[in-house]
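Q: Could you take me through this structure one feature at a time, giving the general idea before the case at hand?

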Amino acid sequence: MAEKSSFFTSLNGDRKYKASDFAEYFGTFISNGVFPNPNTNLQVTSNGDMTVTVNPGYAWINGYMYNNTDILELKIDTGDGVLNRIDRVVVRLDFTNRSITTNIKKGSLASTPVAPYLQRDNDVYELCIAEISINATTTSISQGSIKDTRMDDEVCGMVNSLIKVDSAIL
């Protein structure tokens with residue numbers, strides 16, 4: 001279909017719209033990321049043990065909304081005996097399961113670790129809201145080992161509404 005228009009009132013069932021039609025529409029003027037107000041939306045904090053807390057808040061991914069309505073506690077695996085790793089806290093849009101959830105994405109062990117890649121394909125799209133450095137023998141997470149990445153446009157960013165003009169084409 002070369003031309004597409006929406007959204008018109010259905011007359012005798014002649015118009016049927018899918019969730020993906022609405023997501024495509026909203027995705028044209030609302031960018032991916034965490035909503036900026038309040039500034040604690042989806043903030044990740046240490047609990048002083050091997051868990052972290054994700055604050056309530058909203059995120060937007062490719063036209064789909066996520067709302068964490070309560071404190072969410074996530075368990076982190078203890079550190080390796082020798083090597084380090086970096087885990088990511090991700091908000092994950094999963095088209096197969098038709099859901100958005102917040103999860104720990106465990107990193108690979110290394111003497112100089114790097115954060116795991118973010119999956120961004122036709123099945124899954126992830127936003128990273130925090131990175132957690134897990135050094136060898138770590139048995140509790142401190143706030144200093146949590147890097148807030150909500151403001152980093154490369155991995156998450158803040159939701160912007162309205163159309164953003166690509167100044168490179170002007």
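A: Let us begin with residue classes: Ala, Val, Leu, Ile, Met, Phe, Trp, Tyr, Cys and Pro count as nonpolar, Asp, Glu, Lys and Arg as charged, and the others, Gly among them, as polar. In the lining of the second largest pocket there are six charged, two polar and two nonpolar residues. This is a predicted model, in which local features need pLDDT of at least 70 and side-chain atom pairs pLDDT 80 or more, while totals for chains, interfaces and linings use all residues. Residues are numbered from 1 along each chain as its sequence is written, and side-chain values use heavy atoms, with hydrogens and water left out.

Q: Which cysteine sulfur is nearest to that of Cys-128?

A: A disulfide is a pair of cysteine sulfur atoms within 2.5 Å, and a search of the whole structure finds zero of them. For Cys-128, the nearest cysteine sulfur is that of Cys-156, 7.4 Å away.

Q: Is Cys-128 buried or exposed?

A: Buried means under 20% relative accessible area, exposed over 50%, and partly exposed in between, with a 1.4 Å probe and protein chains only. Cys-128 counts as buried because its relative accessibility is 0%, and Cys-156 is buried as well, at 5%.

Q: In what order do the strands of the open sheet lie?

A: Strands of a sheet pair through backbone hydrogen bonds, either parallel or antiparallel. Strands here are DSSP runs of E with at least two residues, numbered from the N terminus, and two of them pair if DSSP finds at least two bridges between them. The order is β1-β4-β5, with antiparallel pairing. Two bridges join β1 to β4 (residues 57-61), where Gly-33 stands opposite Trp-60.

How values were computed: Helices (H or I, at least four residues) and strands (E, at least two) are DSSP runs, numbered from the N terminus.
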